[in-house]
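Hi,

Here's the structure I promised to pass on to you.

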Amino acid sequence: MKTCLDHALARWQFNGPVAIALSGGADSTALLLACWQRWPAQVAAIHVHHGLQDAADGFASFCQQLCQQCCIPLHIERVDARHQPGQSPEDAARKARYGALTAGAQALRQVHAVDVRSIALAQHADDQVETLLLALSRGAGLPGLSAMPAFWQRNHLDWHRPLLDVPGQALRQWLQGQGQAWIEDPTNEDQTFTRNRIRQQIMPALAEAFPTFRHTFARSSAHAAQAQQLLHEVAQEDWLRLEQKPSIRGLQQLSIARQANVLRFWLMQQQERASTVQLQELQRQIAACTTRGHAIHIKVGRGFVIREKDHLLWVK
Ligand SMILES: Nc1ncnc2c1ncn2[C@@H]1O[C@H](COP(=O)(O)OP(=O)(O)OP(=O)(O)O)[C@@H](O)[C@H]1O
């Protein structure tokens with residue numbers, strides 16, 4: 001009988017060869033093994049050695065053994081994922097991991113002669129719901145509610161999440177059916193992480209109250225992603241109309257919603273994000289800016305938005 005995993009892989013299209021981001025946990029072990037069974041000559045693996053946990057060596061040697069057994073080319077990339085002051089440890093580890101996976105794809109090309117075009121991550125349907133709930137708990141806007149995309153391009157690579165429709169439990173059952181072990185991450189039990197509390201306390205309650213919640217929540221995220229795409233297109237049009245400069249007069253002519261949308265778009269270009277309160281204050285000051293002498297100086301992200309003649313400027 002075909003499993004959800006079989007169906008997900010049957011629908012998945014990628015430019016080969018593909019490197020699986022292999023942590024040694026259940027999800028990426030299942031993705032690697034299932035891909036290798038389907039496309040034995042098209043699959044490689046990258047493991048990122050974080051050095052964050054004492055267990056990191058154990059994860060790396062598990063990945064090494066698994067890949068050796070199946071003759072799958074593996075690259076292990078070491079990273080220093082220590083976080084900067086003010087940055088969350090998980091955020092630092094995630095950023096370091098994406099850089100390391102890109103470097104790993106290059107190493108597979110150079111050292112193993114595998115011409116990797118795509119990287120696949122093993123996040124599944126439960127991870128998607130957790131991401132959406134975390135976004136809701138932060139009061140996120142549409143970008144956060146869109147949750148994780150199944151496909152994007154970055155650094156000349158295609159990035160995929162082919163398992164977003166597959167429940168986590170189905171992956172573990174599939175591995176058990178194959179007699180394949182995996183490594184259980186000891187931090188998954190740690191209730192100080194919000195994600196773990198969601199997994200252990202909220203997900204079972206959701207399953208009881210709304211049996212199809214994975215599917216319907218994913219549909220809501222897809223609607224949010226589509227609406228966000230529209231907002232992005234509107235921002236691009238407004239930005240062109242402003243002649244690609246945040247002119248105060250031009251901004252004043254937009255509705256409050258369009259103004260907020262194009263301001264976020266402009267700040268994104270500076271790699272910055274305004275909090276809701278900062279954006280509201282900025283808009284209040286733009287509205288009040290009716291005389292030559294009106295100064296603007298507002299903290300936004302790691303810098304300030306200031307008035308420079310007829311325009312806004314973002315400075316550090
Ligand atoms: N150390 C790592 N090396 C390579 N890829 C990783 C590593 N850690 C995570 N990934 C990839 O990122 C995905 C999401 O990571 P996350 O930490 O959310 O999940 P995980 O609990 O490690 O998943 P898994 O059950 O696959 O271990 C993983 O499914 C995997 O594809």
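Predicted model: local features only at pLDDT ≥ 70, side-chain atom pairs only at ≥ 80, totals over all residues.

The part to start with is an open sheet made of three strands, in the order 7-8-9, and the pairing is antiparallel. Strand 7 (297-300) and strand 9 (311-315) are the edge strands; each has a single partner strand, so one side of each has no neighbour in the sheet. From one strand to the next, the twist averages 30 degrees.

Now zoom in on strand 7 and strand 8. Strand 8 covers residues 303-308, and its antiparallel pairing with strand 7 runs over four bridges. You can find two of the bridge partners in strand 8 yourself: His 297 goes with Ile 306, and Val 300 goes with Gly 303. The hairpin formed by strand 7 and strand 8 has two residues between the strands, and there Gly 301 takes a positive phi near 60 degrees.

What lies across these two strands? That's helix 12 (residues 276-288), which runs at about 160 degrees to strand 7.

On to the ligand. How many residues surround it? There are 16, and the closest are Ala 21, Gly 25, Asp 27, Ser 28 and Ala 122. Helix 2 (26-38) and strand 2 (43-49) are the elements that give two or more residues to this shell. Sorted by class, the shell around the ligand holds seven nonpolar, six polar and three charged residues.

Note on methods: Residues numbered from 1 in each chain as written. Pairing = 2+ DSSP bridges. Axes fitted to C-alpha atoms, helices over the stretch in contact; angles between N-to-C directions. Contact = placed C-beta atoms within 7 Å. Near = placed C-beta within 6 Å. Nonpolar A, V, L, I, M, F, W, Y, C, P; charged D, E, K, R; others polar.
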